[in-house]
Amino acid sequence: MRKFYLCFLMLMLVSVYASSQTKSVMGHITDENGHAVSFASVKIKNTKTGAAADAAGSFVIRANTGDVLLITATGFNSKEVTVGDDNIISISLSSASQELTNVVVTTALGIQRQAKDLGYATTTISNKTLVQGKSVNIQQALNGKISGLNVSTVNSGVMENAKINIRGIRSLTGNNQPMLVVDGAPTPLGYLSSIPPDDVQTLTVLKSAASAAIYGPDAVNGVIIINTKRGGKTPTVTISSTLEATKVSFFPKLQKDFGAGAGEVADPYGNYGYVPYENQQYGPHFDGTIKPLGIPLQDGSIQMVPYSNDHYKDKIKFWNTGLTLQNSASITGEDFYVSMEDAKIQGLVPDDVNRRTSLRFNGGKKYGAFSINYGLNYILQNYDVVNEAGFGATQPGAYAGGLFFLVMQIPSNVPLLNYKDWQNSKFAQYSNYYDEFAVNPYWLIGNVRSRGREDDIIGNLEASYKFLPWLTATARLSSNLAFQNTTNTNAPVVVTDWAINIAKRNGTQYSNRPGLVGTDENYASRINLDYFLSGDDNITKDFSLKYIAGSSIRQNRAK
C-alpha cells in the first residue's frame with residue numbers, strides 16, 4: 001500500500017512539473033516605426049500550434065520555455081523568437097520593401113544599378129522564370145511573363161519569326177521592334193529566336209525611350225537586354241530534352257453548304273449550277289447525291305463523289321502536327337560556361353524542316369582591379385521549306401496565290417487528302433487535277449522549294465579596370481557575322497499532250513514551262529566598340545554622383 005501511495009505521489013509531482021513548463025505567452029508585434037502589425041501569424045516552429053494577432057498586433061499563445069515562435073505577416077520579413085522566462089514579449093518586424101535596395105538591375109551598356117535608383121520602368125526576370133514551361137525559344141518563353149511586352153507570331157513556319165512590341169505601336173508606317181542587346185553588344189533582333197533559353201542568366205526589358213536613350217534612335221521602341229551565363233561557384237552539368245507539339249488552333253470560318261460553281265451554268269431563275277472543275281463556291285446547295293468531280297481523263301475515268309460537306313475538315317487535316325525536339329547540354333565551371341543545343345523543327349506545312357545547332361562558350365576572370373569577360377556563340381541552321389514567294393514565277397496566272405489560298409478555295413465535297421501522292425495517284429497528277437484554275441497544293445509543296453544554310457557567329461570581349469572606388473574604365477568589342485546560302489528550285493511543269501491538245505484545259509494553267517534554279521549568297525557583319533568611364537561616389541552625406549562618359553563606334557556591312 002505504501003508503494004502505491006509513493007508511486008502516485010511521484011506521478012503527481014511529475015505532472016505538476018510538466019504543467020508548470022507550459023505557459024501563456026502574451027506578445028505585441030510592431031514595425032520599425034512602432035506601429036502595430038495587424039493580424040500577423042504566430043506559430044510554434046515545427047508544430048501545428050499557432051495563433052493570430054488582433055488588429056492591435058497583440059496575441060496570446062500557449063508555449064514552453066525554449067520554444068521558437070515563427071512570426072509572419074504580409075509585407076514584412078518573417079522572424080523567429082525564442083520563448084524565455086518572461087511571459088510578455090515585444091516583437092519588431094522589418095518591412096519586406098527594404099529588400100528593394102538589394103535588387104540589382106542591368107541597364108544600358110551592361111552597367112548595374114539598384115532598382116531604387118532608377119527613374120524609369122524596367123522588368124528583370126531570371127532564368128528560373130524564363131524556362132518555366134520549357135519553351136524552345138526566348139520569344140515563346142517571354143509570352144505573358146512581362147507586362148507591356150506583346151509577342152505575336154508572324155507565321156507558323158519553321159523559322160520561328162515573331163513580332164515584339166513594348167507598350168504598343170509607336171509608328172503606323174515605321175519600325176516598332178525593340179532593340180536587342182546580348183552581353184552588352186547590340187545584336188539584330190532576329191537572333192532572339194536562336195538563343196537557347198537555358199543559356200540566359202537574366203533578361204531585362206527597358207520599356208521606354210528614356211531608359212534606353214544612351215543607345216540612340218535604335219532604342220526608341222525600348223530594349224531587351226540579355227545576359228548569358230558565365231560560370232558559377234559549383235561545377236554543374238545539365239542535360240535537358242524538350243518536345244513541343246503544334247497544331248492549328250483555329251481556322252477561318254467558311255461556308256459549308258454550297259459547292260463549286262461561278263455562273264458558267266445557271267437555271268432560268270439565275271441560280272448558279274454545279275461546275276465540277278470550278279474553284280469558286282457559288283454552286284447549288286449540297287444535297288448528298290453522287291456527282292462527277294473534274295473532267296473525264298484520257299482513259300475515260302472520272303471521279304464520282306457525294307455532293308456534300310464530308311470533306312470540310314480536310315482543310316484543317318491538311319496541315320501537319322508540328323514537332324520541335326530540342327536537346328541541350330551545358331557545363332558550368334568557376335570561370336566558364338559551355339553549352340550545346342540541337343533543335344529539329346518540323347513545321348505545320350508538310351515536308352518543311354529546320355535543323356538548328358548552337359554552340360556557346362563564355363568565360364571570365366578577375367585579377368584584382370582588372371577583369372575580363374569573353375563569349376563566343378556559333379549557330380548553324382539548315383532548312384528546307386516550300387517557297388511560296390517563288391510560286392508565281394512558275395504559275396503566273398491570276399489564281400496562283402500561295403499554299404494557304406490553294407487549300408482555302410477547295411470545295412467541301414472534294415477529297416483533298418486523297419491528292420497527297422501527286423506523282424503516282426491518277427487524279428492527283430498535274431495534268432489530271434480536278435481544278436481548271438489552280439494546282440494541287442501537294443504539288444506546290446513537292447516542286448517549289450527553298451533550301452538553305454545560315455551560319456551566325458556572335459562574339460564579345462570586355463575588359464575593365466577599377467582605378468579608384470569611383471572610377472572604372474571599360475572597353476567592349478563585339479561582332480555579329482551572318483553567312484547565308486540559299487537555293488530556290490522550281491521544278492519544270494510537264495503537261496501531257498492530252499491535257500493540252502485533246503482536253504484543251506486552261507492554257508494558263510496547263511502548259512509546259514521550264515524549271516528555274518536561283519542561288520543566293522548573303523553576308524552581313526556588325527562590329528561594335530564601346531569604351532567609357534563610369535562610377536559613383538557619395539560626395540557628401542546628402543549628395544551622390546553617378547556618371548557614364550564614353551563613346552561608341554559601329555560598323556555595318558552587307559553584301
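Analyst: **Aromatic rings up close**

Let's begin with Tyr-433: its relative accessible area is 2%, so this residue is buried (buried means under 20% relative accessible area, exposed over 50%, and partly exposed in between, using a 1.4 Å probe and protein chains only). Please keep in mind that the model is predicted: local features need pLDDT of at least 70 and side-chain atom pairs count only at pLDDT 80 or more, while totals for chains, interfaces and linings use all residues. Residues are numbered from 1 along each chain as its sequence is written, and side-chain values use heavy atoms, with hydrogens and water left out.

Tyr-419 is buried too, at 1% relative accessibility.

Now for the rings. A pair of aromatic rings is described by the distance of the centres and the angle of the planes. Rings of Phe, Tyr and Trp (its six-membered ring) pair if their centres lie within 6.5 Å; planes under 30 degrees apart are stacked, over 60 edge-to-face, and the rest tilted. That rule gives 14 aromatic pairs. One of them is Tyr-419 with Tyr-433, an edge-to-face pair with 5.4 Å from centre to centre and 80° between the planes. Both residues sit in the loop between helix 6 (403-408) and helix 7 (441-447), 14 residues apart. Here helices are DSSP runs of H or I with at least four residues, numbered from the N terminus.

Tyr-419 has another partner, Tyr-434: their ring centres are 6.3 Å apart and the planes meet at 20°, so this pair is stacked. Tyr-434 also lies in the loop between helix 6 and helix 7, so the pair ties together parts 15 residues apart in sequence. Tyr-434, like Tyr-419, is buried.

What else does Tyr-419 touch, leaving aside neighbours within four places in sequence? With contact meaning heavy atoms within 4.5 Å, its partners include Leu-293, Gln-303, Val-414, Phe-427, Asn-440 and Tyr-442.

Let's step back to the surroundings. In soluble globular proteins, nonpolar side chains tend to be buried together. A nonpolar core is a set of buried Ala, Val, Leu, Ile, Met, Phe, Trp, Tyr and Cys residues joined through side-chain atoms within 4.5 Å. The largest has 36 residues, and Phe-318 and Tyr-419 have the most contacts inside it. Helix 6, helix 7 and helix 8 (497-502) each give two or more residues to this core, and helix 7 gives the most, with four. Another core, of 25 residues, lies apart from it, with Ile-125 and Leu-149 among its members.

Phe-318 also belongs to a cluster linked by ring pairs, together with Phe-251, Trp-319, Phe-404 and Tyr-442.
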